[in-house]
There are 2 protein chains.
Amino acid sequence: MPTIDDNVRRLRALMREKGVDACLVGTADPHNSEYLAPYYKARAWLSGFTGSAGTAVVTADRALLWADGRYYIQAEKELAGTPFQLMKQGAPGVPSHWTWLAEHLKDGQAVAADGRLLPEADARDQEERLGARGISLVTDLDLVGPLWEDRPPLPSGKIFHHDLRYTGRRARDKIGDVRAKMAEDKADYALYVGLDDIAWLMNFRGSDVPNNAVAMAFALISRNRALLFIDPVKVDGAMQDLFAGEGIELRPYDALIQELGKLAEGVLVTNTRRTGRALIKALPEEVKVLDRQDYPYELKARLNEVERQSQLRAGLRDSLAVTRYLYFIKRQAVKEGLNEYQAAKRLADLRRQSEAFIIESFPSISAYGPNAAMMHYQATAEKCSPLAGRSFYLIDCGAQSFDGTTDITRTVSLGPLTEEERRDYTMTLKSHIALASQPFLKGTCGVALDAIARSTMWRYGLDYKCGTGHGFGFVLGVHEGPQRLSNNPVAGRYAFAEHMVITIEPGVYREGRHGIRLENDYLVLPVNQTIAVHEGKADFEEKEVTLNDDGDCFLHFQSLTYVPFDRAAILPDLLSPDELNWLNDYHQAVRQALAPHLSGDERTFLLEETEAL
Amino acid sequence: MPTIDDNVRRLRALMREKGVDACLVGTADPHNSEYLAPYYKARAWLSGFTGSAGTAVVTADRALLWADGRYYIQAEKELAGTPFQLMKQGAPGVPSHWTWLAEHLKDGQAVAADGRLLPEADARDQEERLGARGISLVTDLDLVGPLWEDRPPLPSGKIFHHDLRYTGRRARDKIGDVRAKMAEDKADYALYVGLDDIAWLMNFRGSDVPNNAVAMAFALISRNRALLFIDPVKVDGAMQDLFAGEGIELRPYDALIQELGKLAEGVLVTNTRRTGRALIKALPEEVKVLDRQDYPYELKARLNEVERQSQLRAGLRDSLAVTRYLYFIKRQAVKEGLNEYQAAKRLADLRRQSEAFIIESFPSISAYGPNAAMMHYQATAEKCSPLAGRSFYLIDCGAQSFDGTTDITRTVSLGPLTEEERRDYTMTLKSHIALASQPFLKGTCGVALDAIARSTMWRYGLDYKCGTGHGFGFVLGVHEGPQRLSNNPVAGRYAFAEHMVITIEPGVYREGRHGIRLENDYLVLPVNQTIAVHEGKADFEEKEVTLNDDGDCFLHFQSLTYVPFDRAAILPDLLSPDELNWLNDYHQAVRQALAPHLSGDERTFLLEETEAL
């Protein structure tokens, strides 16, 4: 088997042959995906570094690998004994890989980056920057493909129809919505590369990317045609008929470049921050590019009525599974002498009891004690901690079901807690309640809402080094924008509107001691709409609300998650009367939602945990 | 005297002669100023519309005037009987003036805009947009100058040295700081057009723009020269000597274009969102432009130690004047039968008692009852309301003194209040306290901090249609960035750091009823620094603060304003214990700050108003 040394040597030989002086291999697929299929893990193949983000740069005499703070330790370990040197991304004095290239290449030299994987806007920006120093950017070379001998195949799982009873709107009509927006923007074509956008638009789901119900595809919409580029092996006869009925024509996955080259004069709208340079270069000169956020990306961010009902059902069902899991963790797991890895298996079993369950929406984080202070900790069979009868256990988990997506975190005590542990838990809860109970003006942006949760922590000299929450897709990806609760004014610039979904998940992380995170999924509703829960059933309800003089529209967060918080971990004296009311109301709703579905010890557990404080 | 009709007719003739099809006349000077000298009020001259913002567009058959929501009524009135038609900027379906031009001009047509007044970045953006439709942008024509016969002269007030005991740093050293940043950015020249930046950098102040202590000037810094372009009539002999001592060379105001044309090859750094296109066009081809926020704009946003001490003195002195004014308003003005306009004169008298006073930092807003609901209300001798013994009176005022700038608003009851009035006052106070008492992580941006004040209002279904606060200059302009408390993620993107100053001024505005605003000036300090006030003296103090595990740096807002809030207007039951503590501590500091400087009835008034609640 070729070594990393071999890879680098052969790459340098190919670079010399093609006349390029540097080669950049990042973490990307042609769909700007967060999670990559193995076929696209070229950076891991080349360098040996397997983290979820990073960039390799190879020149005639240097081999560099950029990794961020999450991966400094892992990268050092994996790169040891290879020609690669770690560049600590984000550390003081360490330039970004593009800056490094601009500063280290000479006038007249060339850097190669695969134009199928490099978004057009990035290519344009870097081309300008490198060009100012006489360095050229070559994007039409594939330097990895010819060298990667045991490359995994592209995934080939079947796709399935996402039924109208979940989606509430036919693909034909969604495509019509896209065409209406194209008409507004005077565009003749719309090109989509985002797997979530395409699956949503055409009402199918797939299994090409772990934890994401999507399939490798492109879509090209014109005024009277809708083309889906996908490997035919994934589409069975029934699905072909369904597509035909929606006016969707099928093309092979790799036929897009050729199709783009044949387009007649007109305007093509696409998001050049996602669409690869190679696709843009394939367009005839008479086709002008209009740069816009992808319409489906924004359209799907607001759930329709059927999707909202679906998400509510999915949220209730998964809340039941998680609550049963908490009973198991708090009452049985320690006694049974289980470790983090073994415990988490029970959660998967509980979820699989539902026929609606497809896959976990991400690998569960099952973390005991100090392990939970690492935000992205993953217990494995080989490396994990046993549970003990004290301190905290954290479970961050979610499900993709036919009717919706969830992402829930609870932190629970497994025995006696220190004063610091209880204070930190209570702070996290206060921070969660601060935002969950906050009515806000329609159009408020994520960075403003983020501050409402975070400011509660600040009063106690605490802060968490991550966002307060993220949007999530409807049976798609568990991280989906544009809405986002971030303290960065660019990432958090998007305005919130009714019917978006978002997680709220503040936390306290103390290295070497404990990590606490409390996460619910929320649906944004106008203040006059709410969800009422009664005897195991939940439904939307209207109530009378008087507008203020200016006719402002106010929104609020309605929980889709019904899982108890840990009473034993709360210091009630630190809660204000308003916070206490919120908590007691929430626990009352949890009891109403779940009690009819539980019996015996599990039911007793629920009733105890949801007792008013 | 020529009429608006004449202006438009003559402009059209000149347009035909010069071969342009549209002419744009905005609200601008070559310095990107907020307030214009009369010489630059070309849009008002052309159209007759006198508001502080707006844009006129004239074509062969249309004359249009864009004005924003504040001015719809005034513009309708002023444009009546002229050829101009009002375009309601911001109203649904009304395109911006640039969009209108792009949509209404034909392929091959040309629009003229004065390149001396149009920032380069705007010119570039619009050129690209218009160019895509075959329309050209002409920026080297002066169509207004030849037609405007009774144009006012450029202002010619003397400038004065801003003494080292206020500024704390010599001009020579500040210019050195700029050169250090130029070296970092590998720039050979730095060009400044902002009047506040230039006055700060070279330690002078002027009187060319009402309420702003600035003078018309440009600055050009190279590695070994510092040129100030200013009308020589403004600079007396002593000032000339001072400039010479700081290594600053003087040039006539209108000599800049010629000087730019003579620059040797190199890189010129400037902010193309402020610097006019004409200046950029004047550069030889060998001079490359590097686009950056102006260094002085960011350098001056953080006050040095001497400036902080100065601002504290100015704040204390102006607090005394405002508090004495509140005594007069609450105890005498109604009895004396005064109106809003007459009352405000007393405030000016009180301020003039100090030798440090230069000018008001903006025209005071003196508003009784429903008038205060109009955020930019201006009482005049001809049009104003009498004060009566009920409801609220609002005073929003500020001073430019040699040692600092202030901007203070108080709303006070003149007699019995309704329940709604007291509730709205208390909400405004709660909102003010929420942010004023909030510790926050260094680097938090304005849009996040804005939400902390605003969210308090949202809980009661209220919102204010303006930012929560703004930065202000040090004896310069009363609105100065980059720091800003805005609910817009772009305007509020700037990160807060220690030693910035900011106003906090939430409000409740009920059309036809009342307007309430409570505004203090704050200095941002690390949480371990504070200002202690004792027996009429105030000074900075350190205290012990433990950092959290992550070593985060937390900041807080320290008030520079010491003026009582109106006890009679507060509903104490709506205040939380923490809010009540903040208020009582603040009133204790106000009493300590002012009592030694007051006697008789004024002193009794202060003691009553600052009694603990």
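Before the helices, I wrote down the handedness rule: a crossing is left-handed if the near helix is turned anticlockwise from the far one by less than a right angle, and right-handed if clockwise. Two housekeeping notes come next. This is a predicted model, in which local features need pLDDT of at least 70 and side-chain atom pairs count only at pLDDT 80 or more, while totals for chains, interfaces and linings use all residues. Residues are numbered from 1 along each chain as its sequence is written, chains are lettered from A and ligands numbered from 1 in the order in which they are written, and side-chain values use heavy atoms, with hydrogens and water left out.

**Entry 1: a helix pair.** I took helices and strands as DSSP runs, numbered from the N terminus (helices H or I, at least four residues; strands E, at least two). Helix α4 (residues 97–104) and helix α5 (residues 120–131) of chain A pack at an angle of about 25°, and their axes lie 9 Å apart. That angle makes α4(A) roughly parallel to α5(A). For the terms, axes are lines fitted to C-alpha atoms, for helices over the stretch in contact, and angles run from 0 to 180 degrees between N-to-C directions. Angles under 35 degrees count as roughly parallel, over 145 as roughly antiparallel, 65 to 115 as roughly perpendicular and the rest as oblique. By the rule above, the crossing of α4(A) and α5(A) is right-handed.

**Entry 2: strand β3 of chain A.** I asked myself how many residues of β3(A) are buried. In this strand, residues 63–67, five of its five residues are buried (under 20% relative accessible area; exposed is over 50%, partly exposed in between, with a 1.4 Å probe and protein chains only). A63(A), L65(A) and A67(A) lie on one side, with L64(A) and W66(A) on the other. Next I checked the neighbours, where two strands pair if DSSP finds at least two bridges between them. Strand β2 (residues 55–59) of chain A pairs with β3(A) in the antiparallel sense over four bridges, and the two form a hairpin with three residues between them. A56(A) stands opposite L65(A) there. Strand β4 (residues 85–88) of chain A runs parallel to β3(A), joined by four bridges, and K88(A) stands opposite A67(A).

**Entry 3: a sheet in chain A.** I traced six strands in an open sheet of mixed pairing, in the order β12-β11-β10-β8-β13-β14. The edge strands, each pairing on one side only, are β12 (248–251) and β14 (287–291). Strand β13 (residues 266–270) of chain A pairs with β14(A) in the parallel sense over five bridges, and V269(A) stands opposite L290(A).

**Entry 4: strand β8 of chain B.** Both faces of this strand (residues 189–192) are covered. Four bridges join β8(B) to β10(B) in an antiparallel run, with Y192(B) opposite A219(B). Two bridges join β8(B) to β13(B), which run parallel, and Y189(B) has L268(B) as its bridge partner.

**Entry 5: cysteines.** I counted zero disulfides over all chains (a disulfide is a pair of cysteine sulfur atoms within 2.5 Å). For C445(A), the nearest cysteine sulfur is that of C445(B), 8.1 Å away. C445(A) is buried, with a relative accessible area of 2%. For C553(A), the nearest cysteine sulfur is that of C445(A), 16 Å away. C553(A) is partly exposed at 33% relative accessibility.
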